[in-house]
Amino acid sequence: MQGLMQDWPLLCHRIIDHAAIYHGGREVVSRSVEGPIHRTTYAELRRRSLRVAQVLDRHGIGLGDRVATLAWNTWRHLESWYGILGVGAVYHTVNPRLFPDQIAYIVNHAEDRILFTDLTFLPLLEGIADKLETIELFVVLTDEAHLPQTSLRNVVAYESWIAEGDGDFAWKAVDENAAAGMCYTSGTTGNPKGVVYSHRSNVLHSLAFNTPDMLGIAARDRVMPVVPMFHANGWSLAFTAPMAGATMILPGAKMDGESLYELLDGERVTLTAAVPTVWLGLLQHLEASGKMLPHLKRVVIGGSACPRAMAETFENVYDVEVIHAWGMTETNPLGTVATIKPDYAGLEGDALFDIKETQGHPPFTVEMKITDDAGNPQPWDGETFGRLKVRGPAVAKSYFKGEGGEILDEAGFFDTGDVSTIDPNGYMHITDRSKDVIKSGGEWISSIDLENVAVGHPDVAEAAVIGAAHPKWDERPLLIIVAKPGQMPAKEDIVDFMRGKVAKWWLPDDIVFVDEIPHTATGKILKTALREQFRGYRLPSADAAE
Ligand code: ADP
């Protein structure tokens, strides 16, 4: 016997319909790439998305066609997403921070037919235009007056282009399992691989992650996604915020501390989200200027581990609740969120931050397990490390065009490439990427834990830990530090500071100071480059052991 309920496919454009109908007057505020602050509403945004869909349809873009966006978070980018997926096509976000050759590779691999871009990226595109084999049209997200001379062929200004449509158009009815979006993993190893989101996975993911113990966004929230829409599906905020009917504030091209502060304060943002490096910039700006954050209630921090000192500063100095989250492109992208379950409700001070330092627990729809290298499940005791594997309706089952082959185990779990513990209450704590973990005498040392402790030192701005070769132990930790401006901490002082905060045998064997630590296109420490830079580094302890 079948249920007798309606067949109502889970389609992303229904989200913008809902926002426009029930929250039509709610604002979407953007810092435009041209400069001024721009204001629109969900109702207007939907009308313009319909025009995008209509004009795309006239161009012959339809079911399954890929349309690239190389753009900052603005209302025009948001309209483009909804217009693209509303015509049954697939938005493919391209990360401008990738190397130009990688951008050409993924645009060709995805076979994108149209590319929406911001003024900022015209020089970049001009440089690789002759390598882009499939692009028929460049749509520059601006108006005619701001469109500069360019050597690109087939260029239109977005505003004139969508003016060709009158918006009298109906969204295409597509299967809920049809592709809606696409995002390539940054490919710190090998070529980038395409993750393809379906309408259904986007909708389910947004429903699951907008429950009270996850992001819990409400219509009264004023949400500023600083995390770019081109980073791991923009953490899904382009769906969750309209679904909740929340006001959106989009920071455009400016993500420095001062520009973010201006919006946080001026637009009374209540919830914001970005990677730790962005928040580092904001906190430095606040510290230097003595400004406070009276409106902001919650900050979502993910993409890499939120250093404890950062969480403590937000909560203790600025009275902003830190929501640490973990995820990856392959998980649509959120997987876990570190909110406090009743089991930990009474905790305070250090004990509370111990929990906030974990990556948290999953909502319904995400299943986790940790295993050893042979696939045997490991205990959930909060101490045993294992390979973290996940399963669910918004987790990738394979990459675009089958790259990377079979990616699931027999039980259908995807190996995240992360190493973690899980505690008895289901809180997951990432200890490392499987390729970054330091293998010392057959035991594993977490580079992330060491980094988090080191950045707690008042003179340290950023810290990275890699394994350096050691004749006796195989590898020992080498701590690489960028000091805060004007500071020159002593090595012994840093080791003393770390003592007692990690196991004694985890303490770094040596420390080096650098001006800058390299980052990936999504703001993570680029360990491959560091390993290359310090290849052959001789630890003093290695000399002593020989
Ligand atoms: P990219 O490398 O393109 O940024 P992802 O966003 O998919 O790709 O990166 C996902 C990886 O980022 C995770 O597998 C994990 O290693 C790391 N990561 C994400 N969030 C956290 C977090 N809160 N703590 C530690 N690591 C994290």
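## Domains and their interface

The chain is divided into domain 1 (13–23 + 34–198 + 228–246) and domain 2 (444–545), with bounds that come from an automatic or database domain assignment. This is a predicted model, in which local features need pLDDT of at least 70 and side-chain atom pairs count only at pLDDT 80 or more, while totals for chains, interfaces and linings use all residues. Residues are numbered from 1 along each chain as its sequence is written, and side-chain values use heavy atoms, with hydrogens and water left out.

The C-alpha centres of the two domains lie 40 Å apart, and their contact (heavy atoms within 4.5 Å) takes six residues from domain 1 and six residues from domain 2. Between them the domains bury about 480 Å², 65% of it on carbon and sulfur atoms, where buried area is the accessible area (1.4 Å probe) that two parts lose on being put together, summed over both.

## Packing of α9 and α10

The axes of helix α9 (residues 257–266) and helix α10 (residues 276–289) come within 8 Å and cross at roughly 80°, the axes being lines fitted to C-alpha atoms over the stretch in contact, with angles from 0 to 180 degrees between N-to-C directions. Helix α9 is therefore roughly perpendicular to α10, a class that covers 65 to 115 degrees. Helices here are DSSP runs (H or I, at least four residues), and strands are runs of E of at least two, numbered from the N terminus.

The contact involves G257, E258, L260, Y261 and L264 of α9, together with V278, W279, G281, L282, H285 and L286 of α10.

## Backbone exceptions

Most residues other than glycine have a negative phi, and most peptide bonds are trans. The peptide bond from N332 to P333 is cis, with omega near 10°, and P333 is found in the loop between β14 (321–327) and β15 (334–337). E111, in the loop between α4 (100–110) and β5 (114–117), has a positive phi near 55°.

Methods: Parallel < 35°, antiparallel > 145°, perpendicular 65-115°, else oblique.
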